[in-house]
Amino acid sequence: MKEKRSLLRNDGFQTFAASVLCIVLGLIVGYLALLIINADGAGKAIMSVIKNFFNKPTSAARLKYFGQTLAKTAPLLLCSLSVLFAYKVGLFNIGAAGQYCLGVALALYLGICKQWPWYLCLICGICAGSISGAVCGILRAYCNVNVVISGIMLNWISLYGTNMLLKPAMDPAGKDTFRLVSKAKQALLPTLGMEKLFNDKYVTIAIPIAILMAIVVWIVLDKTKLGYELKATGNNLNAAKYCGMKENRNIILTMVIAGGLAAMGGALYYLSDFTQWNVNSSSVPGMGFNGIAAAFLGGLNPIGSIFSSFFITHITDGGGYVDLSHYCAQIADFISAVIIYLCGFVLFFKTFLNSRLNKAEERKIEKARALAAAETNKGGKA
Amino acid sequence: MLLLIQYTLIFASVLLLVALGGCVSEHSGVINLGLEGIMVMGSLGGALVMRFLPYTATMGGRFGMFFAVLCAAIIFGVVYSCLLAVACINLKADQTIVGTALNMLGTALATVAVKSMNTALNPDDHSSEIKYINAKKAFLTNIGKFELNWFMIVAVILLVVVFVLLYKTKFGLRLRACGEHPQAAASVGINVFKMRWAGVLISGLLGGVGGITYITAGVSTWKFENGVAGFGFLALAVMIFGAWDPFRIAGAALLFGLFRALGNVYNAFDFLKAMNIPSGVYNMLPYIVCLIVLAFTSKKSRAPKAEGIPYDKGMR
């Protein structure tokens with residue numbers, strides 16, 4: 001009995017339970033939406049969203065598509081780490097989407113137009129994102145501009161900038177950039193043999209790098225002095241300043257790191273040649289925004305992010321398997337949006353649970369007291 | 001030139017309406033980052049009416065269409081903003097997360113709804129577009145070469161209404177008190193929850209009207225996958241630049257509207273065309289201007305003091 005209570009009290013467990021609850025409720029809402037659209041195939045449709053690569057008939061194909069899901073998870077994980085890192089310091093990095101664009105822009109431009117090797121492309125891409133993050137940070141630190149607003153503005157500036165920069169890298173046959181395989185083999189990410197393991201050439205070192213970054217972020221935030229200072233700045237800017245921390249430097253540094261993480265996601269994804277950039281794209285890629293979802297669903301824990309990013313990629317991919325004659329793939333976006341909306345209630349859920357537990361405990365103590373009082377009364381009478 | 005003025009006015013009306021929405025909500029103490037999503041829902045409501053309501057070109061038909069579209073946009077916007085109100089006011093959720101979620105949800109919901117509607121009507125149609133070429137004519141009046149969109153007038157009327165509501169009525173005073181110091185407001189018997197609900201619902205109304213105005217500006221089909229291209233956030237920037245004051249917001253909206261309009265019509269100007277600037281630069285322009293302006297104006301913030309903080313009765 002005692003053990004069970006301590007489990008419910010455990011913050012990590014509460015976060016986990018809240019996330020699972022969000023997922024379940026999100027899926028239920030998604031199912032209801034499918035029921036409204038067309039009641040006949042709704043059950044099957046929601047199952048194919050949940051199953052994703054398990055929809056494939058053979059185990060080889062399943063493994064291949066599992067690999068592809070992993071390949072898409074890596075950039076999402078990095079975006080979610082970017083959001084998470086900034087959020088721990090009290091900044092909401094909605095600019096992750098734009099930083100992601102810039103990472104793509106520099107990596108592809110240098111790879112295709114300048115024929116640079118992949119590692120230089122990657123580093124330059126990261127720098128581009130960091131600079132964009134730094135702009136956000138400097139504006140916040142010295143001009144008091146809300147990072148959400150400046151982030152959004154930079155998203156659109158980065159998007160159009162990326163389109164302009166990648167015009168020369170466009171394949172005249174379509175609207176997309178050249179495939180790296182055909183034009184810039186030196187810019188392809190190495191696969192370290194994982195390609196054979198999954199029988200899919202898009203499974204590259206991006207995946208281990210992303211997971212490694214999650215661990216690094218966890219260590220930096222939880223185990224180092226720098227992480228402590230950054231979090232202190234996020235908790236109370238004035239207190240941090242009073243303690244002699246350089247609060248402006250911390251804000252800018254945070255945004256530089258967050259920008260670099262998101263850009264790394266973009267660069268790694270496009271250097272694996274999985275997809276090509278459409279130089280006429282008119283909307284900011286959803287990866288950065290899904291990163292927000294993944295970060296919150298993961299309970300704002302870097303290790304949790306690994307799982308939540310995988311889950312979100314999983315259902316987004318699964319959206320492609322629904323019966324398209326009745327439904328559309330965006331039902332998965334709808335589900336993940338509902339899940340983030342519900343993630344907003346996590347704090348409420350925790351407070352509610354804790355107050356219930358407190359009340360239960362109080363009642364118990366009261367009961368024990370009453371019992372003890374009754375006993376003494378009895379004793380007095382006798 | 002006339003075209004530039006026309007586009008400037010219509011984009012300025014959109015920004016004005018949405019920024020006013022943000023302004024009312026923030027004065028009540030709730031940061032409404034979900035305006036983008038509310039705009040999408042408002043435009044969806046209006047577009048559905050324009051798609052399905054039969055339109056006759058008589059004066060009565062035009063007014064009927066106009067009011068039906070307006071009402072639909074308002075209803076969709078207000079209902080959708082309830083999601084924000086419940087989460088942020090009653091359940092004390094993080095306003096930034098909920099706002100962001102509502103933006104994603106708005107686009108996703110509208111896309112799913114329109115796509116499944118199109119597919120249901122025609123099994124081969126998987127697009128997320130609604131066309132409203134004819135119905136749109138209901139609220140366009142040509143004055144010479146200038147095409148007056150009735151929503152421009154709506155924007156001006158609502159500007160005055162919001163100003164009077166916020167600064168000349170008892171309700172407005174109470175609403176603003178809840179954004180500055182909700183505990184003090186509560187101590188004199190104002191129901192903070194009610195006031196904040198009112199603030200969010202009004203912002204839903206204004207955001208919805210802004211949304212329908214946006215999709216009737218210059219185009220007559222709308223692809224709902226695209227959302228509203230960051231206009232909700234641009235409107236928030238307009239609001240900050242306008243220092244949370246309705247008339248200053250109107251001025252800011254005109255400025256941003258001008259830069260946004262330049263992107264649409266720069267080809268009509270010989271000297272701009274001669275400079276041979278890539279179109280991407282014009283697309284970036286409103287956002288760049290916004291950043292620069294914010295950098296210079298944000299230092300001394302006139303934001304309502306309690307905005308973004310969930311109301312807690314027990315706090316001092």
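Analyst: A cavity is a set of grid points where a 1.4 Å probe fits but cannot get out. By this rule, there are 2 cavities of 30 Å³ or more. The model is predicted.

User: What is the volume of the largest cavity, and which residues line the largest cavity?

Analyst: The volume is about 80 Å³. Lining residues have an atom within 4 Å of a point of the cavity. Those of the largest cavity are B:Gln6, B:Tyr7, B:Ile10, B:Lys136, B:Leu140, B:Glu147, B:Asn149, B:Met152, B:Thr216, B:Ala217 and B:Gly218. H1 and strand S3 (146-149) of chain B each give two or more residues to this lining. H1(B) gives the largest share, 3 residues. By class, the lining of the largest cavity holds 5 nonpolar, 4 polar and 2 charged residues.

User: What makes up the lining of the second largest cavity, and how many of its residues are charged?

Analyst: That cavity has a volume of about 50 Å³. Its lining consists of A:Ala71, A:Ala74, A:Pro75, A:Tyr202, A:Thr204, A:Ala206, A:Gly265, A:Leu268, A:Tyr269 and A:Ser272. The classes are 7 nonpolar, 3 polar and no charged residues.

User: Why is A:Asn290 called buried?

Analyst: Buried means under 20% relative accessible area. A:Asn290 has 15%, so A:Asn290 counts as buried. This residue is found in helix H14 (residues 287-297) of chain A.

User: What does A:Asn290 touch?

Analyst: Leaving out residues up to four places away in sequence, A:Asn290 touches A:Leu76, A:Ile312, A:Ser336 and B:Met104.

User: Why is A:Lys51 called partly exposed?

Analyst: Exposed means over 50% relative accessible area, buried under 20%, and partly exposed in between. A:Lys51 stands at 36%, so A:Lys51 is partly exposed. The residue is in helix H3 (residues 42-51) of chain A. A:Lys51 and A:His314 are 263 residues apart in sequence, and their C-alpha atoms are 8.2 Å apart in space.

User: Which residues of helix H7 (residues 170-180) of chain B are buried, and why are they said to be on the same side of H7(B)?

Analyst: B:Gly172, B:Leu175, B:Cys178 and B:Gly179 are buried. They are placed on the same side of H7(B) because they cover an arc of only 120° around the axis. An α-helix has 3.6 residues a turn, so residues three or four places apart point the same way.

User: What is on the other side of H7(B), and what covers the buried residues?

Analyst: B:Lys170 and B:Leu173 are exposed on the other side of H7(B). The cover over the buried residues of H7(B) includes H1, helix H6 (150-167), helix H8 (182-187) and helix H9 (192-215) of chain B.

User: Which members of the largest nonpolar core touch the most other members?

Analyst: They are A:Met153, A:Trp277, B:Phe151, B:Tyr214 and B:Phe224, in a core of 229 residues. Helix H1 (residues 2-27) of chain B contributes the largest share of this core, 13 residues. Contacts of B:Tyr214, beyond residues up to four places away in sequence, include B:Phe11, B:Val14, B:Met39 and B:Trp222.

User: How many residues line the largest pocket, and which element supplies the largest share?

Analyst: The largest pocket has a volume of about 1,600 Å³. Its lining has 46 residues, with A:Ser283, A:Val284, A:Pro285, A:Gly286 and A:Met287 the closest to its centre. H4(B) supplies the largest share, 7 residues. The lining divides into 19 nonpolar, 20 polar and 7 charged residues.

User: What is the volume of the second largest pocket, and which residues lie nearest its centre?

Analyst: The volume is about 1,400 Å³. Nearest the centre of the second largest pocket lie A:Gly90, A:Arg140, A:Asn146, B:Ile31 and B:Glu307, among 46 lining residues. By class, that lining has 24 nonpolar, 12 polar and 10 charged residues.

Technical notes:
Residues are numbered from 1 along each chain as its sequence is written. Chains are lettered from A and ligands numbered from 1 in the order in which they are written. This is a predicted model: local features need pLDDT of at least 70, side-chain atom pairs count only at pLDDT 80 or more; totals for chains, interfaces and linings use all residues. Side-chain values use heavy atoms; hydrogens and water are left out. A nonpolar core is a set of buried Ala, Val, Leu, Ile, Met, Phe, Trp, Tyr and Cys residues joined through side-chain atoms within 4.5 Å. Buried means under 20% relative accessible area, exposed over 50%, partly exposed in between (1.4 Å probe, protein chains only). Helices (H or I, at least four residues) and strands (E, at least two) are DSSP runs, numbered from the N terminus. Contact means heavy atoms within 4.5 Å. The arc is that of the directions from the helix axis to the C-beta atoms. On a 1 Å grid over the protein atoms alone, a cavity is a set of points where a 1.4 Å probe fits but cannot get out, and a pocket is an open set with protein on both sides within 12 Å along at least five of seven lines; lining residues have an atom within 4 Å of a point. Grid points are joined across faces, edges and corners, and a volume is the space filled by probe spheres set on the points. Ala, Val, Leu, Ile, Met, Phe, Trp, Tyr, Cys and Pro count as nonpolar, Asp, Glu, Lys and Arg as charged, and the others, Gly among them, as polar.
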